[in-house]
Amino acid sequence: MSSERSDRVSINGIALEVRRRGKGSPLLVLCGEEELEFDSPWLSDLAQKHELILPSAPGFGQSERPDWISNVDDLSYIYLDLVEKLGLKAVPVVGFSFGGWLATEIAVKDDSFISKLVLVAPYGVKLGGPLERDIADIWALPPADVLKRKWHDPDKGKRDFPSLPEETLRVVARNVESLARFCWDPYMHNPRLRHRLHRIKVPTLVVWGDKDGIMTPAFGKSYAGLIPGAHFKTVADAGHYPHLEQPAAFNAVLEAFIG
Amino acid sequence: MQAWHFTEMPYPHLPPLDDIPSIRVTIPSKHYDPKIGSDLYNRYLDEHLIADELGLNIMLNEHHQTATCLDAAAPLMAAILARQTKKARICILGNPIANRGDPIRIAEEMAVIDNISRGRLDCGFVRGVPYEIFAANTNPTQTLERLWEGVDLVTKAWTTHDGPFNFEGRFVHRRNVNVWPRPYQQPHPMIWITGSSDYENIKKVAGRGYVFATFLQPHDKVKLMFEAYRSAMVERGLPNGAGTAFMPLVYTADNETEAERGAKELCWYLQAKTSPQFRNPPGYVGIDLNVKALQGAFSGRTDAVRAKGMEYLRDQGILVYGTPDSVAKQVKQFYDRVGGFDHLLMMQQAGFLDHKSVVSSMTLFAKEVYPQIKDLPRTKPAKEKAA
C-alpha cells in the first residue's frame, strides 16, 4: 500500500485539494471529470514507481469554485499558480479527458515546467464544421448510450450510486455540476485553443482508446497533428478512459514515453 | 380570488405515445401537420376570447421543441390577445428570462403589450423547466441567478425615465438601456415568479412584492410554499396587489360522469413523457437534491402522478373536477388547506379535450363556480415571523 496524503493549497484565496500518492519520480496527474482515478487499480500501480501529484480542479473534489471561474481557460491560470506554488520543475504531466483539456490549456500558456506531456483523450478542440459532432453530446444522449460510448465494456462504467456514502455522492454531484458550468457552451471545447496548440514545444504523446465512442481515434489523431511533433498511440479494447479499462497496456505506453 | 383560463396549446395528434421516446426536445416536426396546427392555434385563441367574454382572466406560457405546447413565443399570443380581448387581464407565466438572454428585448415586448392592452398585462418570469435548457442551450447551472439579474434589469429599465443607463452584470452587459415605450401601468406591470420548494427564493419573491405561483403540486407542499411567502410578507410588509397563485387541472360539468370524462382527457398532460437525460440537466438543481437523486430518492412529478389514480389527484388538489358546486367545494377546501391563495390558474384544456367541452366547462365555471369563490379573502401576511 502506497502512502497517501491530501493537502489544502491556497491559490490567490482559492483552496485547492492536492493529493499525493506513492514514491519515486514526480508525475503531475490531471484527473478526468469523474475523478474515477482515485480509487482505481491503475493509480495504485502507477504509485509504485512515481510520486503522484493529484490536484482537484476548482469545483471538483474538495476544491473551491469561486463564481468568477467560467471555463477551462480560467482554470489553467489557477493551475499555473499552483505549479509555481508547488515548485514543480521539469515534471511530466498526464491529463485525462477533461484533465487532458486542462493540461493542454496550461501547456499552450507555459510549458516551461513540463518535461513531457501526455494527453489522454483530451477534450478541448473542435475540428469539424457546425453540423459535425466531433465530440458526442454526453448531456443530450440517453445515459445508456453515453455509457456505451465511454466504455468498451460498459459494465466497467456502471456505478452503484445508492451504495456510496453521502460524502462521496456530494463530490460526484458537484463534479457533474462543475463540468457543466465550465464546458456546456461552447460544448467541451475552447474555439481559441486549436489556434494556440502550436505553442506547445515539449515532447507530447496523445493516447486514445481505440473504441472511444465520445471522440473517435481518427479525431484524436487529427487533434494530435496540431501539436508540433506529437506522437499518437491507441490502446486496444479501451473506450474514453483507456487507463482505467486497460491499465497494464496503458502504463506500458506511458512508461515507454516518460520513463 | 381571481380565476385564469389556461391551455398549453397542445398538439396531441401524434403517433402512439409509447412509440415516441420523448414528446419534448427531440420529437421530430414531421409529426406536426400545419393544417391541423393552424386550426389549433386559432381555436385556442378563440377559447381565450371566450374566457374574456365570460369574465375570466387569461394565462399564457411558452415552451420549446415540444408537442405539449404550440405556444413557442408567449409574447406573440399576448400581443394578439391584448388587441382582441376587452377586459381580461393577460398573464404571461412566464417569460423564460434565464434562457432568452436578452432581458431588454423582453422589457420592450412586455411594455408594448401593456400599452396595447391599456394596462391589462401581468408579467411573469420563469427560470424555465429543466428540459428547456436543451432547446435554449443555456448553461444549466446558475439559472436562478440569471433569472434575478434579468428581472432586476427589466424593472430598472421599466422605471428609468431620464434617459439611458449602462448595465454590466454577471451575465448580461447592455449599453444605453433606454426602453421605449414605458409600461402603461405605473410603475410597471405586476411581476409573477414561479417556483416550488426553494423557500428562500419564495421569500425573495414575497419581499419584492411579486406574485408567487406554483403548478400541479399536492396541497401539503403548496401549504409550505405559501407559508414561506406569507412569512416574508411579515418581515417586509404587505406588498400591494401581490399574492399567491396555484394551478390545478380543472374541468366543470353538469354531472359527475361527464366531469370525470373531461378530467381524464386533461390527464393527457400528465402522461407526457420526456427522456431521462432531459429531466435533470447537470447542475440545474442544487447539490443536496442531486445527492438525493443519486441515492434513488428522486422521482419526477410525472412518474409519481402516473402511478396514482384520478381520485388521488383530486384529493391532492392537482385535479379539480365535478359539478359546479363540487368544483367550488374542492377549490375552497384547497384554499383552506394551504392557508388561502389569490389566483386560481386553471388548465382547462389539455390533450384531445375538444372545443365544445372546453367552452362548456369554462362557461359553467364562470357562471356557477366563480361567484362562489370570488370573494374569498386575499392572502394575508403571517401573524408571526416564521422560525
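1. A:Ser44 counts as partly exposed because it has 14 C-beta neighbours inside 10 Å; a residue is buried if 20 or more other C-beta atoms lie within 10 Å of its own, exposed if 12 or fewer, and partly exposed in between, with C-beta atoms placed from the backbone. A:Ser44 lies in helix 1 (residues 41-46) of chain A. Between A:Ser44 and A:Asp210 there are 166 residues of sequence separation and a C-alpha to C-alpha distance of 24 Å.

2. The model is predicted: local features need pLDDT of at least 70, side-chain atom pairs count only at pLDDT 80 or more, and totals for chains, interfaces and linings use all residues. Residues are numbered from 1 along each chain as its sequence is written, while chains are lettered from A and ligands numbered from 1 in the order in which they are written.

3. Chain B contains 16 helices and 12 strands; helices (H or I, at least four residues) and strands (E, at least two) are DSSP runs, numbered from the N terminus. Chain B is as compact as a globular protein of 387 residues, because its radius of gyration is 20 Å, close to the 21 Å of the globule rule. That radius is taken over C-alpha atoms, and the rule is 2.2 Å times the number of residues to the power 0.38. The C-alpha trace of chain B spans about 60 × 45 × 45 Å along its principal axes.

4. Of the 387 residues of chain B, 48% count as buried. Among contacts in chain B between residues at least 6 apart in sequence, 77% join residues at least 24 apart; two residues are in contact if their C-beta atoms, placed from the backbone, lie within 7 Å.

5. In chain B, helix 15 (residues 324-337) and helix 16 (residues 355-373) pack at an angle of about 40°, with axes 9 Å apart. Helix 15 of chain B is therefore oblique to helix 16 of chain B: angles under 35 degrees count as roughly parallel, over 145 as roughly antiparallel, 65 to 115 as roughly perpendicular and the rest as oblique. Axes are lines fitted to C-alpha atoms, for helices over the stretch in contact, and angles run from 0 to 180 degrees between N-to-C directions. Residues in this contact include B:Val327 and B:Val331 of helix 15 of chain B, and B:Leu364 and B:Phe365 of helix 16 of chain B.

6. The contact between the chains takes 17 residues from chain B and 20 residues from chain A. On the side of chain B that touches chain A, the largest share, four residues, comes from helix 12 of chain B.
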